[in-house]
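I opened this entry to keep track of what I looked up in the structure, topic by topic.

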Amino acid sequence: MTTAGQVIRCRAAVAWEAGKPLVIEEVEVAPPQANEVRLKILYTSLCHTDVYFWEAKGQSPLFPRIYGHEAGGWVHSYDYRDLILIEMLINHRLEIVESVGEGVTDLAPGDHVLPVFTGECKECDHCKSEESNMCSLLRINTDRGVMLNDGQSRFSINGQPIYHFVGTSTFSEYTVVHVGCVAKINPLAPLDKVCVLSCGISTGLGATLNVAKPPKGSTVAVFGLGAVGLAAAEGARIAGASRIIGVDVNPKRFEEAKNFGCTEFVNPMDYDKPVQEVIAEITDGGVDRSIECTGNINAMISAFECVHDGWGVAVLVGVPHKDAVFKTHPMNVLNERTLKGTFFGNYKPRSDLPSVVEKYMNKELELEKFITHQLPFSEINKAFEYMLKGESLRCIIRMDG
C-alpha cells in the first residue's frame with residue numbers, strides 16, 4: 001500500500017521540556033509539499049549539538065521539538081522488480097525517501113539518502129561558487145522550527161504542532177526535509193555506518209582535507225579530541241601527515257586517539273606556559289597546520305599562534321560563545337600565518353557527500369571506530385546519558401527497536 005499523499009502516524013522521540021527525558025510519542029507526519037521529501041529513517045545517531053539545544057543552551061529554546069540530524073534513510077516507495085532492494089528493506093538496512101513533493105525531480109521514492117542540517121539549493125551565489133558551501137537559502141538555522149515552504153510544521157500530536165530541528169528532525173520514524181538538504185548516496189552503503197557522515201564526522205574530516213590541506217609529511221595539531229577532532233585527525237592521517245599532535249585537557253582521550261592517527265599528545269594543564277609555546281618548542285617553530293575543534297576561545301587563539309610563520313594554516317571548527325572575542329597580536333598575521341574558518345568541512349551536501357560515502361565504501365575512510373554504542377529507539381535517552389558522561393563518540397540508534 002502506498003502512503004504517498006497521506007498523513008503517516010509513527011513513533012517519534014519528542015522533547016517537551018529543556019533537559020527532560022525525551023518521550024516516545026505517536027506523531028502525525030504530513031505529506032511533503034513543494035520542494036520537500038518525506039523520508040523513512042532507519043538509523044540515526046546523537047550529536048552534541050542535539051544535546052546542546054535540548055539543554056536549552058542554544059540561542060532560542062523551542063519546545064516541543066523533535067531533535068536529531070545525523071541519519072540515513074530512503075524515499076519510501078517499493079519497486080517490487082528490484083529484488084536486491086526488497087531484501088534490504090526486509091532487513092531494515094536503509095533510510096529511504098518515502099515520497100516527494102511538487103517540483104522534486106532529482107529524488108524518487110526508494111532512493112537512499114542522508115538528510116543534512118545544512119543545504120544546497122544549487123541556485124544562489126554560494127552554491128554556484130566553487131569556494132563556498134554556505135547556501136543562502138538553506139544554511140543552518142537553529143531557531144526555525146517550521147518548514148520554509150509555508151512556515152508550518154509537518155509534525156503534530158492531536159492537532160498540536162511539534163517543531164522541527166535544523167530542518168531534519170531524525171528522531172522520528174518518518175520526517176519531512178527540504179530537497180536541498182538531502183544527499184542521494186550509493187544504495188549499497190550501510191546506513192547504520194554512513195549516517196554519521198551527516199554532521200560531525202564530515203565536519204572534522206573536511207576541515208582537514210578541504211580547508212587545512214596538510215601536505216604529505218607535514219605536522220598537524222588537533223585541538224579537542226571529541227568526535228569532530230578525531231575526524232580531523234583521521235583526515236590528517238589520510239593526507240599523510242607525519243606527526244599528528246592531539247591537544248586535550250582530558251588525558252583519558254589520548255589512548256583512543258591513537259586509533260585515529262594521533263602520534264603524540266599535549267595536555268595544556270601539564271604546563272605553566274601557553275600551550276602554543278609548548279607546541280612551537282617540540283616542532284621547531286610550530287606546526288604546519290592546526291585544526292581547532294573545541295569552541296573554546298583560548299584554544300582557538302592557541303591553535304592560530306602554534307602554527308609556523310611563513311606557511312602555517314590554522315582552521316577554526318568549533319563554535320565559540322556568542323560574547324567571545326578573538327585576540328592575537330597583528331604580527332602573528334603579518335608573519336604570514338593564515339587563519340581560516342569552516343562550516344561543515346566545506347562540503348556541499350548534495351554534491352560532495354556522495355563522494356565521502358564512496359571513501360568509506362572504498363576503505364579509504366574508517367567509520368566503525370567512531371561508533372562506540374548502539375541502542376534501540378526505545379532507549380534513546382541512554383544515548384543522551386552516554387554523551388553527557390563523555391562515554392561515547394557516536395551512538396547509533398536503530399529506529400526499529
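**Domains.** I am working from a predicted model, and I began with how the chain is divided. Domain 1 takes in residues 8-198 together with 367-398, while domain 2 covers 201-343. I looked up the distance between the centres of the two domains, taken over C-alpha atoms, and found 30 Å.

**Record.** I also checked the UniProt record, an unreviewed entry, which places the feature "domain: Alcohol dehydrogenase-like C-terminal" at residues 227-358. In the model this span is 37% helix and 15% strand, and its end C-alpha atoms lie 20 Å apart.

**Interface.** I next asked how many residues of each domain are in contact with the other. I found 14 residues of domain 1 in contact with 12 residues of domain 2. The two domains bury about 1100 Å² between them, and 69% of that area is on carbon and sulfur atoms.

**Polar side of the interface.** Between domain 1 and domain 2 I noted a count of 1 salt bridge, and 4 residue pairs in polar contact, with both residues at pLDDT 80 or more. On the side of domain 1 that touches domain 2, the residues divide into 8 nonpolar, 3 polar and 3 charged. I then looked at Lys369 again, and saw that it forms a salt bridge with Glu234, in which the closest N and O atoms are 2.8 Å apart.

**Asn259.** Asn259 is found in the loop between α7 (253-257) and β13 (264-266). I also looked up its separation from Met387, which is 128 residues away along the chain, and the C-alpha atoms of the two are 20 Å apart.

**Salt bridges overall.** For the model I recorded a count of 19 salt bridges. I picked out the one between Glu173 and Arg11, where the closest N and O atoms are 3.1 Å apart. Glu173 lies in the loop between β8 (160-162) and β9 (174-178) and Arg11 in strand β1 (residues 8-14), so this pair ties together parts that are 162 residues apart in sequence.

**Backbone.** I finished with backbone angles, bearing in mind that most residues other than glycine have a negative phi, and that most peptide bonds are trans. The peptide bond from Phe63 to Pro64 is cis, with omega near -5°, and I located Pro64 in the loop between α1 (48-54) and β4 (70-75). Val166 is not a glycine, yet it has a positive phi of about 40°. I placed Val166 in the loop between β8 and β9.

How values were computed: Residues are numbered from 1 along each chain as its sequence is written. This is a predicted model: local features need pLDDT of at least 70, side-chain atom pairs count only at pLDDT 80 or more; totals for chains, interfaces and linings use all residues. Side-chain values use heavy atoms; hydrogens and water are left out. Domain bounds come from an automatic or database domain assignment. Contact means heavy atoms within 4.5 Å. Buried area is the accessible area (1.4 Å probe) that two parts lose on being put together, summed over both. A salt bridge is a side-chain nitrogen of Lys or Arg within 4 Å of a carboxyl oxygen of Asp or Glu. A polar contact is a pair of N or O atoms within 3.5 Å; within protein, one must be able to donate a hydrogen and the other to accept it, and residues adjacent in sequence count only if both atoms are side-chain atoms. Ala, Val, Leu, Ile, Met, Phe, Trp, Tyr, Cys and Pro count as nonpolar, Asp, Glu, Lys and Arg as charged, and the others, Gly among them, as polar. Helices (H or I, at least four residues) and strands (E, at least two) are DSSP runs, numbered from the N terminus. UniProt positions are given in the numbering used here, feature names are shortened, and annotations may be inferred rather than shown by experiment.
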